Amino acid sequence: MSLRDQLQTALKEAMKAKEADRLSTLRLINAAIKDREIALRGESEAAVVDDAAILAILGRMVKQRQESARAYEEGGRLELAEKELSEITVISEFLPRQLDGAEVGSAIDAAIAEAGATSIRDMGKVMAVLKGKYTGQMDFGAVGPMVKDKLA
């Protein structure tokens, strides 16, 4: 079952169960996917967003909500922060499990070996391998410095 099918099934179940908050978040996810499809239509005829692109969209949505929740907490708007955190919970259901520190380290080592990287100049190749295999499973903003350290 594709990620898009899982989202549609969850949307229907939320409608039937009358879960307003969950339904709202699922509709936001679908709107983000449709926005991406519309943007792709200008580039090519086949405007279909695949699972990897959906995972990237979901990852961005989680990151946005984390930043918003932090800002709301700092501003003393705890009810809005709580709403953002509940949206993160719903979005995270469709993301793959995040890798822990040891798994990230071994994934970096494997990617360096696969790319044949020997110096910092090969960092782009290593990151491309990691993004191809682990999209949605690790924070590439945090992984970049780790790759740099191993190649230096």
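This is a predicted model: local features need pLDDT of at least 70, side-chain atom pairs count only at pLDDT 80 or more; totals for chains, interfaces and linings use all residues.

Arginine 22 counts as buried, because its relative accessibility is 19% and the cut-off for buried is under 20%.

**Arginine 22 and its partners**

- Arginine 22 forms a salt bridge with glutamate 19, in which the closest N and O atoms are 3.6 Å apart.
- Glutamate 19 has a relative accessible area of 36% and is therefore partly exposed, whereas arginine 22, at 19%, is buried.
- The pair also belongs to a network of salt bridges, in which Glu19, Arg22 and Glu93 are linked.

**Glutamate 87 and arginine 65**

- Glutamate 87 is placed in helix H4, which covers residues 78–92, and its relative accessibility of 5% means that it counts as buried.
- A salt bridge joins arginine 65 to glutamate 87, with 2.6 Å between the closest N and O atoms.
- Because arginine 65 lies in helix H3 (residues 51–74) and glutamate 87 in helix H4, this pair ties together parts that are 22 residues apart in sequence.
- Are the two partners buried or exposed? Both arginine 65 and glutamate 87 are buried.
- The side chain of glutamate 87 also makes a polar contact of 2.8 Å with the side chain of lysine 83.
- If residues up to four places away in sequence are not counted, glutamate 87 touches Thr25, Leu28 and Arg65.

**Lysine 133 and glutamate 114**

- Lysine 133 and glutamate 114 form a salt bridge whose closest N and O atoms are 2.4 Å apart.

**Aspartate 100 in its loop**

- Aspartate 100 is found in the loop between H4 and helix H5, the latter running over 101–115, and with 42% relative accessibility it counts as partly exposed.
- Which backbone atoms does the side chain of aspartate 100 reach? The side chain reaches the backbone nitrogen of glutamate 103 at 2.9 Å, and one of its polar atoms lies 3.3 Å from the backbone nitrogen of alanine 102.
- Although aspartate 100 and methionine 138 are 38 residues apart in sequence, their C-alpha atoms are 8.4 Å apart in space.

**The nonpolar cores**

- In soluble globular proteins, nonpolar side chains tend to be buried together.
- The largest nonpolar core in this model has 22 residues, and those with the most contacts inside it are Leu7, Leu26, Ile29, Ile33, Ile54, Leu58 and Phe94.
- At least two residues of this core come from each of helix H1 (3–17), helix H2 (20–41), H3 and H4, and H3 gives the most, with 6 residues.
- Isoleucine 29 is in contact with Leu7, Leu58, Met61 and Ile91, when its neighbours within four places in sequence are left aside.
- Another core lies apart from the largest one and has 17 residues, among them Ile112, Val129, Val143 and Val147.

Technical notes: Residues are numbered from 1 along each chain as its sequence is written. Side-chain values use heavy atoms; hydrogens and water are left out. Helices (H or I, at least four residues) and strands (E, at least two) are DSSP runs, numbered from the N terminus. Buried means under 20% relative accessible area, exposed over 50%, partly exposed in between (1.4 Å probe, protein chains only). A polar contact is a pair of N or O atoms within 3.5 Å; within protein, one must be able to donate a hydrogen and the other to accept it, and residues adjacent in sequence count only if both atoms are side-chain atoms. Contact means heavy atoms within 4.5 Å. A salt bridge is a side-chain nitrogen of Lys or Arg within 4 Å of a carboxyl oxygen of Asp or Glu. A nonpolar core is a set of buried Ala, Val, Leu, Ile, Met, Phe, Trp, Tyr and Cys residues joined through side-chain atoms within 4.5 Å.
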